[in-house]
Structures are given as structure tokens and as C-alpha cells.
Amino acid sequence: MARWIADWHPDDPAFWESSGRRVARRNLIFSILAEHLGFTVWTLWSIVATRMGSYEFTTDQLFWLVALPNLIGSALRLPYTFGPARFGGRNFTVVSALLLLIPAVLLAVAVNNPGTPYWLFLVIAALAGVGGGNFASSMANITYFYPRAKQGVALGLNAAGGNVGVSSVQLVMPLVIGAFGLAAAGWFWIPFIVVAAACAWFFMDNLTTARANPREQIAVAGKAQTWVMSFLYIGTFGSFIGYSTAFPLLSKSLFPDSPYAAVAFAGPLIGSLVRPFGGWLADRLGGAPVTLWNFAAMGGGVLLVWAAGEGGGFWPFFLAFQLLFLTSGIGNGSTYRMIPAIFQAKAVAERGEGEEALLYGKRQASAAIGVISAVGALGGFLINRAFGMSFAASGSPAPAFLAFGLFYATCFALTWWCYVRKVGVLIVASLAHARV
């Protein structure tokens, strides 16, 4: 029987200290486990594509295999957002974890057949996108478990735990494939997926208060702030997942004799671990100022990587790329902190400070997180396709890096216009600067 909790008041200090904190922490831990495995399956092809030398695929074709999971994962994030509210966070986590078995098994079977056609590899890579949807359902679910004052750190930890899955793939898979062959890239994760689904079934909870009318939730798509934050999230999370999945194949294309496989995990690990720090900074200094200057740093990072790729060796290129991972991780934390602040502040402004207004704000923020994370994840697809098209057109990633630099400049200007300048903050009446 599904386990539902009807009495849940995390913004009540007495309730939180007596029982809420313990239950929320337990759900957070097992949410992170399931989300982590979602990211591993989602980004498997970033390593698999570099090991397909026996197939005569072009660089652009290989970048398609890396890009497709990002595209499908982005599209799935919207329906996945409404899953916890419709079916319960615990129930939906179990199902979404078990779905990861499909692309893992198909990958293992396909690479064992040397006659597998390219179009079938595209289908299997696309199915790996189910792992990308897990992020949206996990984040939407955890939003309800924590009080406003603790959401920055809680969401940062949840997201970071998932993001580390990219680093896990890029650290473990080269060793596993080297020892057991390419098919092991699929078989290896199956027992972990089963364990994650079982843990979610036995240790997570459904919240009655999280139930919401899908029509009410989807209404956030009509709000301007949803789309402003979606654009900014392309610049932060889209950059993180795009660079994480592109780096191994990009490094192999530019520096084929480099030890890229041994160090590819470092950037995603840095970006993942620093994400809670970005949320903490936003709690302390305000989400908008942190996000603003972070985009400036990302623009500088692109220039450094571009210069290193054109005139330096692998190690200058690798070190410059770490700045992009660092800043994308900080930006992930700061932008995600802005989302609940904005929507809960607007709910309080419209409905007052009562518990009903706070719950309404959480529902709005939860729905907005789904839309924003779905659009933001498109960055992973766009970055890989930009690299693929750049190599196809010029044999170099330079045009892609130029486009990325211009995009970060646009994100900087948009953040300043909407959230930093005084009149903008007054107009949107958001808590982008708040320390709550």
C-alpha cells in the first residue's frame, strides 16, 4: 500500500524540529540515490561515443549520439514535474528509476552486435533521455519537504547528488569498459538501479499536500518569470550538462593522444560539488547578484578555453575548461535558489503570509522548476550540436565557442535588467535578492 503523509507543515518550527527534519532528510537521501543513477544513464553516451572506433561514424554523427539523450531528457522533464503531484513522490521515484533499465539493457545488447545500424544507436541513445527526466521529478518533490529558509541548501544537495552521476560515469566507465568490454557500460548499472528503486519503495514517502491540479500547475508557463529563468538556466545547467557530455569527445577530436579519459570526470565532479555552494552564496548574498557576476566569469572562461584549444596543448585546455565547470556549478545553485524565492514571494504578495499562501507558492515553484529545468536542459543538446556542426563546417570548435560567449553576454544583460537594477526588482516584486 502506498504510504501517504497528510499532516505536513515544514514552515512550522515546532513541527520541523519534532519530526519534519528527520522525514525530510530521509526522503532527500533516497531521492539523491535515484536521481544520481538517472544522471549516470542519461550521460552514458558521453563515454560510449568515444569507444566506438570500430564503427565508421563521423565526428558529427558521434556528437548526435551524445546530444540526443539531452534533447529527450529535456522534453521529459515537463511531464516528470507533474508526476509527484499526481502519483506521489515515492511512487513516481520507484517507476522512474525502473525505467532506467530499458536503455541500459538495450545499450548492452546493441554494442555486442557489430551489425547494429546507426539509426538503432540513435534510438537507444534517445531512450537514455529518461534519466534526464528524473531530475525534474526529484527536485519538484523535495521542494515540498523543506521550509523556505532551507530550500536553497536542500535543493542544492539534491541537485548536486544527481549531477555527480555525470562524474561517476566518466570516472568508472573507462575502467569498466577497458576491463569487460563496451557492453558492460549497460550491464554495470542494472543492479544499482534495482537497489535504488527498492530503497525508494521502502524508505520514501508521498505527501498529500503536494497534490495539485495539473491545470493550476501548468499555469506557470504563462508567467514571464518562468521564461526569464528558463533562459538563464540554459546558461547554467545547460552549460554544465552540455560541457560534461561533450568534453570527452571534444578532447578526443582535438587531442587524440591525450589522457582525456582518465581526467574527464574531474570537471563534472567540480561542477556538481560546488552547486550547493552556489545555493549557499545565493542564500547569503542574493541569487541575482551571484548569478550576474557568474555569467561574467563564464564568458571569461569561454575565451580561455577557446584560446587554449587553438594554441595550447591538452593540459592548458583541460585546466581552462575547469573554470567553465566551476562557474556553471555555482550558477546552477544560484539560479535554482532564485526560483522558489520568486514564486513564493509573489504568492505572499498576492495572498498574504498564511500557510495556504506558502503552500500555493510551493506548488507554483514546483511547477516552475519543471518548466525551467526542461528548457534549461536543452542547453546540453544545443552545446553538443554546436560542436558537431562546428567540426562539420570548419573542422574546429571555434564557431561554437564564439556563440557561447555571445550567449553568456546576453544572460548577463538579462539578469541585470530583470533582477539587479532597482526598478526591475520593484516591478517583478520578487525575492531574487532575499536571504530567506
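Buried means under 20% relative accessible area, exposed means over 50%, and partly exposed lies in between, judged with a 1.4 Å probe and protein chains only. The model is predicted, so local features need pLDDT of at least 70 and side-chain atom pairs count only at pLDDT 80 or more, while totals for chains, interfaces and linings use all residues. Residues are numbered from 1 along each chain as its sequence is written, and side-chain values use heavy atoms, with hydrogens and water left out.

Select Asp60 and Arg385 to begin: the two form a salt bridge (a side-chain nitrogen of Lys or Arg within 4 Å of a carboxyl oxygen of Asp or Glu), with the closest N and O atoms 3.0 Å apart. This pair links distant parts of the chain, since Asp60 sits in helix α3 (residues 59-87) and Arg385 in helix α18 (residues 355-394), 325 residues apart. Asp60 is partly exposed at 22% relative accessible area, whereas Arg385 is buried at 8%.

Next, select Asp205 with Arg26, whose salt bridge brings the closest N and O atoms to 2.9 Å. Here too distant parts of the chain are linked, with Asp205 in the loop between α10 (190-203) and β2 (206-207), and Arg26 in helix α1, 179 residues apart. Asp205 is buried at 3% relative accessibility, and Arg26 is partly exposed at 24%.

Staying in helix α1 (residues 13-42), select Arg21 and Glu17, which are four residues apart and therefore separated by about one helical turn. Their side chains meet in a salt bridge of 2.4 Å, N to O; Arg21 is partly exposed at 28%, while Glu17 is exposed at 52%.

Note on methods: Helix = DSSP H or I, 4+ residues; strand = E, 2+ residues; numbered from the N terminus.
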